[in-house]
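Hi,

Here is the structure I promised to pass on. Have a look at it first, and then read my notes below.

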Amino acid sequence: MDANRTQVLSGGPTALDPNRTQMSGAPTLDPNKTIMGKAPTINATQTIKPIQCPVCKTFNPIGVMFCVDCGLIFDRALDGDAFGAPTILLPMLIEQSGKENPLRPGTTVIGREGDVMLVDTRVSRRHAQITNLNDQLTVEDLGSTNGTKVNDRKLQPGEKVTLTGTEKLSFGGLECAFSLPGAKTGSTTQTFGGNKTAALSAPPQKEVAPAKLIGYNTEFSLRLGQTTFGRKSENDICIPEPYVSGRHGVLEVTEEGLFITDIGSSNGTLLNDLKLSPNMRTAITVEDVINLGTLEFKIVRN
């Protein structure tokens, strides 16, 4: 018998040759076996759009129930075109610098380490809280060191005062305005009726900053009120250098003069080669020199 010759067995398919490749039957479906589906086609394009908050305009990841920045609760999915979503106006706590802090439903803590951070040595870490519940807002002092005032009336610790939308609030001497949208019309929420741009009654006027910070090969405008500076981009003045802390300090322009506060930076702030004490509000003049590491800055009045 020739071993290289194909042999046909007389016994038919039941006579198995151990050296011959045998084809088995079609596989049976095992309900306990993981079945892989079809791979996605390369011809189909899928996009995932982030959700834009209609209040603060922050883009949020898909599936979140509330805005990661301002805390607005998304009770339903926004339209695909988030830019066309109506703007919802929340009550605002407005700092002297003009920064607006939305007061979301529930309780908002005000302080140096609160939900609304007021970087000022006169403000306690947890100074006061504003409660937004059932379309009614109240303010309460949380036992702060320097007290809370509503229209110059000092609150007792734990005392709650209802806000109507025209009050001026003072946290340890740091004054903030309170704005309640729709207070004049009796509505607590206002929305735009369309996407048309309204015509301005007068051309906008260019605001001239009262002072400038010069250094780092740049001129930084200093508005009335507080201006934060540090390494992180969330500061009013961003100085992306490794020896500058994320939140390094605060410059303040007031009717009384210019002030600087180091808010506990790692490497400190030098004023005329003298290191400032952390959280100590210090008066400065246009003659003073501010050093952050090897960087030198000066203040110029406009």
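In strand S10, Arg 153 is the bridge partner of Val 150. That pair belongs to S9 (residues 148-150) and S10, which run antiparallel to each other over two bridges. Strands here are DSSP runs of E with at least two residues (helices would be H or I runs of at least four), numbered from the N terminus, and two strands pair if DSSP finds at least two bridges between them.

Before I go on, the ground rules: this is a predicted model, with local features needing pLDDT of at least 70 and side-chain atom pairs counted only at pLDDT 80 or more, while totals for chains, interfaces and linings use all residues. Residues are numbered from 1 along each chain as its sequence is written, and side-chain values use heavy atoms, with hydrogens and water left out.

Back to the sheet. S9 and S10 sit in an open sheet of six strands, ordered S4-S3-S13-S12-S9-S10 with antiparallel pairing. Its edges are S4 (100-102) and S10 (153-154); each has a single partner strand, so one side of each has no neighbour in the sheet.

Thr 148 is worth a click while you are there. This residue is in strand S9 and is buried, at 0% relative accessible area. (Buried means under 20% relative accessible area, exposed over 50%, and partly exposed in between, using a 1.4 Å probe and protein chains only.) The side chains of Thr 148 and His 127 make a polar contact of 3.3 Å; the term covers a pair of N or O atoms within 3.5 Å where, within protein, one must be able to donate a hydrogen and the other to accept it, and residues adjacent in sequence count only if both atoms are side-chain atoms. Leaving out residues up to four places away in sequence, Thr 148 also has among its contacts Asp 141, Arg 153, Ser 170 and Phe 171, where contact means heavy atoms within 4.5 Å.

Now the other sheet I looked at. This is an open sheet of six strands too, in the order S15-S14-S24-S23-S20-S21, again with antiparallel pairing. S15 (218-222) and S21 (274-275) are its edge strands, each with a single partner strand, so one side of each is left without a neighbour in the sheet. At the S21 end, S20 (residues 270-271) pairs with S21 in the antiparallel sense over two bridges, and Leu 271 has Leu 274 as its bridge partner.

At the other end, S14 has partners on both sides. S14 and S15 are antiparallel over five bridges, with Ile 214 opposite Glu 219. S14 and S24 (residues 295-301) are antiparallel over four bridges, and there Lys 212 stands opposite Val 300. The covered face of S14 holds Ala 211, Leu 213 and Gly 215, while Lys 212 and Ile 214 are on the uncovered one.

What happens at the turn between S14 and S15? The hairpin has two residues between the strands, and Tyr 216 takes a positive phi near 60°. Asn 217, in the loop between S14 (211-215) and S15, also has a positive phi of about 60° without being a glycine. Asn 217 counts as exposed, at 86% relative accessibility. Asn 279 is another non-glycine with a positive phi of about 60°; its place is in the loop between S21 and S22 (282-284), where Asn 279 is partly exposed at 37%.

Asn 279 turns up again in the lining of the largest cavity, along with residues including Arg 112, Asp 120, Gln 226, Glu 252 and Arg 281. The volume of that cavity is about 80 Å³, and the structure holds three cavities of 30 Å³ or more. Strand S18 (residues 249-253) gives the most to the lining, with three residues. For the record, a cavity is a set of points on a 1 Å grid over the protein atoms alone where a 1.4 Å probe fits but cannot get out, and lining residues have an atom within 4 Å of a point; points are joined across faces, edges and corners, and a volume is the space filled by probe spheres set on them.

As for the whole chain, there are zero helices and 24 strands, and 36% of the 302 residues count as buried.

One caution to finish. The average pLDDT (the predictor's confidence in each residue, from 0 to 100) is 76, and 66% of the residues score at least 70. pLDDT stays under 50 over residues 76-86 and over residues 183-198. Where pLDDT is low, the predicted coordinates should not be read in detail.

Cheers

Technical notes
1 Å grid on protein atoms, 1.4 Å probe; cavity = no way out; pocket = protein on both sides within 12 Å on 5 of 7 lines; lining within 4 Å.
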